[in-house]
Amino acid sequence: MNSTMKAAIFKDIRKVVLEDVPVPQVNPGELLIKINIALTCGTDAKTFKRGPKKKTPYSQAIHIFGHEYAGTVVEVGEGVTRFDKGDKVVSANSAPCGYCFHCKRSEFSLCENLTWLWGTFAEYIKIPAAIVKKNTFTIPEGVPMKHMALMEPLACVVHGIERTGIKLGDTIVINGAGPIGLMYVFLSKMKGARVISTDLKRDRLDVASALGADIAIKVEEDDDIVETVRNHTEGGKGVD
Ligand SMILES: [Zn+2]
Ligand SMILES: [Zn+2]
């Protein structure tokens, strides 16, 4: 294996540059992954256009872009027993510490010592030990890598669906039929809801319908969406 790799480095707003950088060295507990698929998340797009959010690793002047991937294990750090070379894997882009104030209350997204994973727009990425331990998963046989790379956004949607308490027969509205909205449409149907999907774009609504939305409403900028949606609910009482 070469000692350097190609990586897309975020330099500044609207400036991401392909450079040769060292292939990361693996420490105990870590994995080195060859990236097979990397996705562009909304966070990446926003960072590219507006610059990094403060207080995230994106605020470092130079870093490798991207945080969603599916890949193949090429090196296994000392002490790692769950993974072998050649395994196809996917990771979430963070892992909670498990022992801080919030972790003890199962509020993992508020963890005070989150470990982050950035840098999937490269040939290789090193997975930190905490993420190897808690948030890295083997891809089941027969599942395409390009599907598994969607695990992180899908996990966010699964979490959201569980928190809403959607019940069989509820009528719900999902405003926006982008990737996240479409995942909500699909999972809400699995929960047995009657789903109204709204968006400004017809082509997105077509996908929502294909994924099971019962009603797809194309809204205009100045529409009264609340009123429009009410008209599609029993007795005009609104969604559940
Ligand atoms: Zn993401
Ligand atoms: Zn914590």
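## Spacing of the donors at the zinc ion (ligand 1)

Along the sequence, the residues that donate to the zinc ion (ligand 1) follow the pattern C-x25-H-E-x83-E. Within this pattern, Glu68 belongs to strand 5 (residues 68–76) and Glu152 to helix 4 (residues 151–164), so the two residues tie together parts of the chain that are 84 residues apart in sequence. The model described here is predicted.

## Geometry at the zinc ion (ligand 1)

The protein donors are Cys41 (SG), His67 (NE2), Glu68 (OE) and Glu152 (OE), at 2.1 to 2.6 Å from the zinc ion (ligand 1). The four donor atoms subtend angles of 84 to 171°, and the arrangement is therefore irregular.

Glu68 has a relative accessibility of 3% and counts as buried. Glu152 is also buried, at a relative accessible area of 15%. Both assignments rest on the cut-off for buried residues, which is under 20% relative accessible area.

## The zinc ion (ligand 2)

The zinc ion (ligand 2) is coordinated through the SG atoms of Cys97, Cys100, Cys103 and Cys111, at 2.3 to 2.4 Å. Along the chain these donors are spaced C-x2-C-x2-C-x7-C. Cys100 and Cys111 each lie in the loop between strand 7 (94–95) and strand 8 (115–116), so this pair ties together parts that are eleven residues apart in sequence.

For four tetrahedral donors, the ideal angle at a metal is 109.5 degrees. Cys100 is buried, with a relative accessible area of 5%, and Cys111 is buried at 9%.

Notes:
Residues are numbered from 1 along each chain as its sequence is written. Chains are lettered from A and ligands numbered from 1 in the order in which they are written. This is a predicted model: local features need pLDDT of at least 70, side-chain atom pairs count only at pLDDT 80 or more; totals for chains, interfaces and linings use all residues. Side-chain values use heavy atoms; hydrogens and water are left out. Donors are N, O and S atoms within 2.8 Å of the metal (3.2 Å for Na, K and Ca); water is not among the atoms, so sites may look incomplete. Four donors count as tetrahedral if all angles lie between 85 and 135 degrees; four count as square planar and six as octahedral if opposite donors are over 155 degrees apart and all others between 65 and 115; anything else is irregular. Helices (H or I, at least four residues) and strands (E, at least two) are DSSP runs, numbered from the N terminus. Buried means under 20% relative accessible area, exposed over 50%, partly exposed in between (1.4 Å probe, protein chains only).
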